[in-house]
Amino acid sequence: MLRRPLSMAAGIVLASMSVPATSYAEDGPGGIECGLYNCEVEVEVPGQPGGSQTGSATGDTEGSHSSGKGDPDNKNVCKYELADPQPPAGSLAWEGHEPGDGAVYEETCGWGGLDGDTIVRMVWLAEPPEQETIAPVVLAQRAVDSMALLGPDIASPRVAGRYTIGVPMWMWVNQSATTYGPNTASASAGGVTVTAIAKVSKIVWQMGDGSFVTCVGPGTPYKGSSDMAESPTCGHRYSKTSAGAPGGRYSVTATSTWTIDWQGGGQSGQLEEIRQSDTQVAVGELQVVR
């Protein structure tokens, strides 16, 4: 029995049917003639020269398959995986061939033109099928996506800290694979493997008072012995208090730029990802008691 329509054209429908082998029907404007494995269907097509068209449908027998080549409306997409283990000699999957003459593959086809159905079956192929080609840069992005990169892990300024106008503020972040790098991951497909290495190349601090500070590096942790010195790598001085800001605090945003170098599949390149984190700081003024 045919399980589904295998071909459609204007005015011709090869429908599912069950007929005995070598039969013929002449009722109506067309007819159906069936051999052992296929049927020919003849139907009237209005407006077509000759008034009729003929098509053929192949039954659901082992080894039979249609490539769909040459049909611009065919939406099938097939993928192939080598059958492991291979079927034994004499199996219908070999389509009359012997083991070692080509190979048997599991074919999975998505027929977008027929309600999105998926067909899985075993087919014999003389040569290995062409597999889907994926650009190395696409694999690089897959590797980056698997890293779960995050925004800066802000160590200073602290939400609980109290800061003073005119006094140097030291800013720095904690370093880990997901918040600063380096972070390494790989992705593979179609025999190609791409490896990507990601690291934060800069952090731009939006201080909440209209100022922006760009720091190339994680910053330097403050030590008491530094007293009132400026940070050697990443710092800021507030010139006005946060009293007029919402909640009496400045909203601080740290935006990191991840630079990713990748290589594989005979190619190499660089990608960029942006991540950010937020905090709030209270900035007051030094009170002098006389």
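This is a short walk through one predicted protein model, from the whole chain down to a few single residues.

Okay, let's start with the overall picture. The chain has 290 residues, and 35% of them are buried. In secondary structure, we get one helix and 19 strands. If you take the contacts with a separation of 6 or more, residues 24 or more positions apart account for 56% of them.

Now, the inside. The largest nonpolar core has 37 residues, and W205, M207 and Y238 have the most contacts inside it. Who contributes? Helix 1, strand 14, strand 15, strand 16, strand 18 and strand 19, which covers 267–284, each supply at least two residues of this core. There is also a second, separate core of five residues, and A83, A93, W94 and W124 are among them.

Let me zoom in on strand 14, residues 183–189. One face is covered, with N183, A185, A187 and A189, while T184, S186 and S188 sit on the uncovered face. Strand 14 runs antiparallel to strand 15, residues 192–206, and seven bridges join the two. At the end of that pairing, A189 has V192 in strand 15 as its bridge partner. The two strands make a hairpin with two residues between them, and G190 in the turn has a positive phi of about 55°.

The G181 to P182 peptide bond is cis, with omega near 0°. P182 belongs to the loop between strand 13, residues 172–174, and strand 14. And we have another cis bond to look at, between S156 and P157, where omega is about 10°. That proline, P157, is in the loop from strand 10 (153–156) to strand 11 (162–164).

While we're on backbone angles: which residues other than glycine have a positive phi? E95 is one of them, with phi near 50°. E95 lies in the loop between strand 7 (76–82) and strand 8 (103–111), and at 28% relative accessibility E95 is partly exposed. A148 is another, with phi near 55°. You'll find A148 in the loop that connects helix 1, residues 136–145, with strand 10. A148 is partly exposed too, at a relative accessible area of 48%.

Next, the cysteines. The structure holds one disulfide. C215 and C234 are the pair, with S to S at 1.9 Å. The S-S torsion is about 75°, so this disulfide is right-handed. The pair links distant parts of the chain, 19 residues apart: C215 is in strand 16 (residues 212–215), and C234 is in the loop between strand 16 and strand 17 (235–236). Both cysteines, C215 and C234, are buried.

Last stop, strand 18. S256 is in strand 18, which spans residues 250–264. So, buried or exposed, what is S256? S256 is buried, because its relative accessible area is 0%, and the cut-off for buried is under 20%. Leaving out residues up to four places away in sequence, S256 touches L150, G151, P152, V200, K202, I203, E273, I274 and R275.

D261 is in strand 18 as well. At 42% relative accessibility, D261 counts as partly exposed. With the same exclusion of sequence neighbours up to four places away, D261 touches T195, A196, I197, G269 and Q270.

For cis prolines, go to P157 and P182. For the hairpin turn, go to G190. For the disulfide, go to C215 and C234. And for the core, go to W205, M207 and Y238. That's it from me.

Key. Residues numbered from 1 in each chain as written. Predicted model: local features only at pLDDT ≥ 70, side-chain atom pairs only at ≥ 80, totals over all residues. Heavy atoms only, no water. Helix = DSSP H or I, 4+ residues; strand = E, 2+ residues; numbered from the N terminus. Buried < 20%, exposed > 50% of the residue type's maximum accessible area, 1.4 Å probe, protein only. Contact = heavy atoms within 4.5 Å. Pairing = 2+ DSSP bridges. Disulfide = S-S within 2.5 Å. Core = buried A, V, L, I, M, F, W, Y, C linked by side-chain atoms within 4.5 Å.
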